[in-house]
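Let's take a walk through this structure together. Have a look at the sequence and the model first, and then we'll go through a few spots.

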Amino acid sequence: MLILKLTLVPLALLVFGIVERLHGPRVAGWMAGFPIVAGPILVFLAMDHGADFTAASALGAYFGLVPWLAFTACYAWCSHSWNWLLSLLASLALWVAMAFVALWLQSGPRWLEALPFLVLIGAIVFYPRGEPSDEEREHVWWGLPARMLAGAGLTLLITQFASLMGTRWSGVFTTFPVMGSIIAISTHVQYGHHAVRETVAGMSTGLPSVAVFCLAVYVLLGQVDIWPAFALALTASCAAHALTWLLFKKR
């Protein structure tokens, strides 16, 4: 499992970096919406703590998409005026505030479980989108290695300490914007705020697949065994991602 924690996310970041260089930041952002971080973390939690703990954490991860969206939207807005460090600090502060909101929502009535999906739909519909840029971008040699190292470090930290926080906080941290922050920062540093906006636009379109995955894990665990539950959740997530690709191409 340690090898997977240290290699899976960095390899995904490598693929996203290559896609970004070939097709631009918006396509890479859409690909980053796939549950490449949340999926492995929930699998690790299931192997370590069982189905009940993981189901509750999956619900927390589902609600954690609300602060995830707040983080990326805040970063895209701040990047117009601030450097990457100030943009990151402001976005993290908003993420913390929204994480407490997500924690509170989990203890509310069941109808609140529709809220993250409504927020995702709102992000897709209302997020401001400019025309994709065809500007020439310089690719620095350290860009991809820096992303991969940061991805490995953040994933290891989250999987090591999230379970100590209980199901709700571990769930919220499961959808901590690991890839979102790494891609946003590296895009900001290398290409500027216009590319950040394109990346976040792509992420907001692709993120429903994470929501479908987490919600499916929450519903299915306890009804079926762990591995069939994750297989069905991944199938549903792939179907959702394919649908968002159709919307992405149309837009």
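Which residues does S181 touch, not counting residues up to four places away in sequence? They are F71 and L154, where touching means contact, that is, heavy atoms within 4.5 Å. Because its relative accessibility is 7%, S181 counts as buried (under 20% relative accessible area, with a 1.4 Å probe and protein chains only).

A quick word on the ground rules: this is a predicted model, where local features need pLDDT of at least 70, side-chain atom pairs count only at pLDDT 80 or more, and totals for chains, interfaces and linings use all residues. Residues are numbered from 1 along each chain as its sequence is written, and side-chain values use heavy atoms, with hydrogens and water left out.

S181 is found in helix 10; helices here are DSSP runs of H or I with at least four residues, numbered from the N terminus. Helix 10 (residues 178–191) meets helix 11 (residues 193–206), with axes that come within 7 Å and cross at roughly 155 degrees. Axes are lines fitted to C-alpha atoms over the stretch in contact, and angles run from 0 to 180 degrees between N-to-C directions. The two helices are therefore roughly antiparallel to each other (angles over 145 degrees). Among the residues making the contact are M179, I183 and Y191 of helix 10 and V196 and M203 of helix 11.

Now on to helix 12 (residues 208–220). Of its 13 residues, 10 are buried, including P208, F213 and L220. Just after helix 12, G222 takes a positive phi of about 100 degrees.

Definitions and conventions:
Expected span 1.5 Å × (residues − 1). Buried < 20%, exposed > 50% of the residue type's maximum accessible area, 1.4 Å probe, protein only. Parallel < 35°, antiparallel > 145°, perpendicular 65-115°, else oblique.
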